[in-house]
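Morning, everyone. I've got one model to walk you through today, so let me put it up on the screen.

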Amino acid sequence: MATWLLSLLLGFTFLLSYIHAEVHYHDFVIQETPVKRLCNTQNIITVNGQYPGPTIEVKEGDTLVINVVNQAQYNVTIHWHGIRQKRTAWADGPEFVTQCPVRPGESYKYRFTIEGQEGTLWWHAHSSWLRATVYGALIIHPKGNNSYPFEKPSREVPILLGEWWNANPIDVINEAQKTGAAPNISDALTINGQPGDLFNCSSEDTTTVPVKAGETTLFRFINSALNTEMFVSIANHKMTVVGADASYTRPFTTSVILISPGQTTDVLVKMDQPVTSYYIAAHAYSSAQGVAFDNTTTTAILEYDCGCSIKGGIKPIFPYLPAFNDTSSATAFTTGLRSPSKVKIPEPIDENLFFTVGLGLISCSKGQKCGGPNNTRFAASMNNNSFVLPSTVSILQAHRYGVNGVFTTDFPAKPPVQFDYTAQNISQALQQPIKGTKVYPLKFGSKVQLVLQGTNIVAGENHPIHIHGYDFYILAEGFGNFNPKKDTGKFNLVDPPMRNTVGVPVGGWAVIRFVADNPGVWLMHCHLDVHITWGLATAFLVEDGVGELESLEAFPADYPVC
């Protein structure tokens, strides 16, 4: 009797959850739009004429149907960054990985349900460098009458960090690829599309956040910049971190956050300071020595409701920001993240993987002049494999339909050559990676541990590594070469943070774990777009499990063809 009642109750609860779920329909028109920044007007690619693009707000359990209509001159796809896409890999979005691009004049409806996720994510283009201007927030609220696991904020404010070029970003990367040189850096960092009043012709449109004394605001920070990790601070205000990458965290208070491209961070801020104006400011964290970066500072204004304004002559108070190369501050922030409570760690391990991540150089073709060091082309790789996207069919399509010659499943589980990865002078013989389209196969349900080891080839750097279709636990990070004998003891097996993008420290390593419970092809790459352009990527091919609920759903009828 008790079992029958329990089953009835569970079924009723599931039914209520289903009834409350909604289907949200949106049209995303990809189009060219004139935008004025830094005293100049230029045409950029936008969604619905908005820069940044529209914010999508849903509840956990809801379904999204987004009709992408391409009225621009470039191929385009949209990636829903951080969405698990359970059994809907064809809606994930990376060009030539899970779909062919949406060609100019064509359209495609992305359809997916958001399951078991709450917090801040985002969406962005995943074709060439279009995401420089094609991006927006994706906010997932608790479903039904559920509440946040922290005090209810008086207001919620998305803060999207970005980069601006006084040029067409597509032209910037195409020009660099002609010679293999590093692309030009951006001309300004931005907050919600605006550089801020430290730049010419920018004061009038500086992003302003109105607040009231005594209230608590939830800031949803998103780093949508192409190539810049950032330190962020709010003058005279403490930030309590409560979420990262749409996973709740144990609250901890800080005056500075580090946020890498692809990552999101939710913070609560109590408006407990004297009534005036304060800057929200961000600038680069640049960990690579001798590598050019955008050293500008972007600002927004936190303005207490008092009648005071910068236009009235009151200059906002400026916050402290760490030095550009302050790795200690970066580490203090990332190692401060924890899950709210004890978690179930995936074990025992079925796949014990070790991937190096770093840069490289490719020899110039005979008679050609190249733009990299010593007449070479810049490259990047994982385990010495520099990833090449297909051009005639996506990897997911080739896998599903048995198309040969598109990819191979022999990506190595460990580096083909072991060496002192973080040495200061690495042999030139180790600098040239092998180009190819290699993926790593995983059986459904496999418990995976992955060591991500940075290298100092060309230049050591912090690499934000993102895995599509998955969240993972970050068990530990450290500096130097990972040593399983001594570093395994540093693993947090109690309450490690869960994220979808992990920063592999400059000259160091990070260890993550996840369960391969989502069938499909899932890109893993550095979220510095210059690095994925150079090949710092691979993909996991997760096989179907047993039965319908462990298998990829059928492709939609309007699935783009090449």
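Which helix gives the most to the lining of the second largest pocket? That's helix 6, with three residues. Before I go on, keep in mind that this is a predicted model.

Okay, staying with that second largest pocket: its volume is about 560 Å³. There are 30 residues lining it, and the ones nearest its centre are I185, V291, A292, E461 and V530. By class, the lining splits into 17 nonpolar, nine polar and four charged residues. Besides helix 6, strand 18, that's 277-285, also supplies at least two residues.

Now the largest pocket, which holds about 830 Å³ of space. Here we've got 39 lining residues, with S128, Q177, L389, I532 and T533 closest to the centre. Helix 2 has the largest share of this lining, five residues. Helix 6 turns up here too, as one of the elements that each supply at least two residues. The class count is 21 nonpolar, 13 polar and five charged.

Last stop is T33, in strand 1. T33 has a relative accessible area of 11%, so it counts as buried. Leaving out neighbours within four places in sequence, T33 contacts Q42, N43, I44, T46 and G49.

Note on methods:
Residues numbered from 1 in each chain as written. Predicted model: local features only at pLDDT ≥ 70, side-chain atom pairs only at ≥ 80, totals over all residues. Heavy atoms only, no water. Helix = DSSP H or I, 4+ residues; strand = E, 2+ residues; numbered from the N terminus. Buried < 20%, exposed > 50% of the residue type's maximum accessible area, 1.4 Å probe, protein only. Contact = heavy atoms within 4.5 Å. 1 Å grid on protein atoms, 1.4 Å probe; cavity = no way out; pocket = protein on both sides within 12 Å on 5 of 7 lines; lining within 4 Å. Points joined across faces, edges and corners; volume = space filled by probe spheres on them. Nonpolar A, V, L, I, M, F, W, Y, C, P; charged D, E, K, R; others polar.
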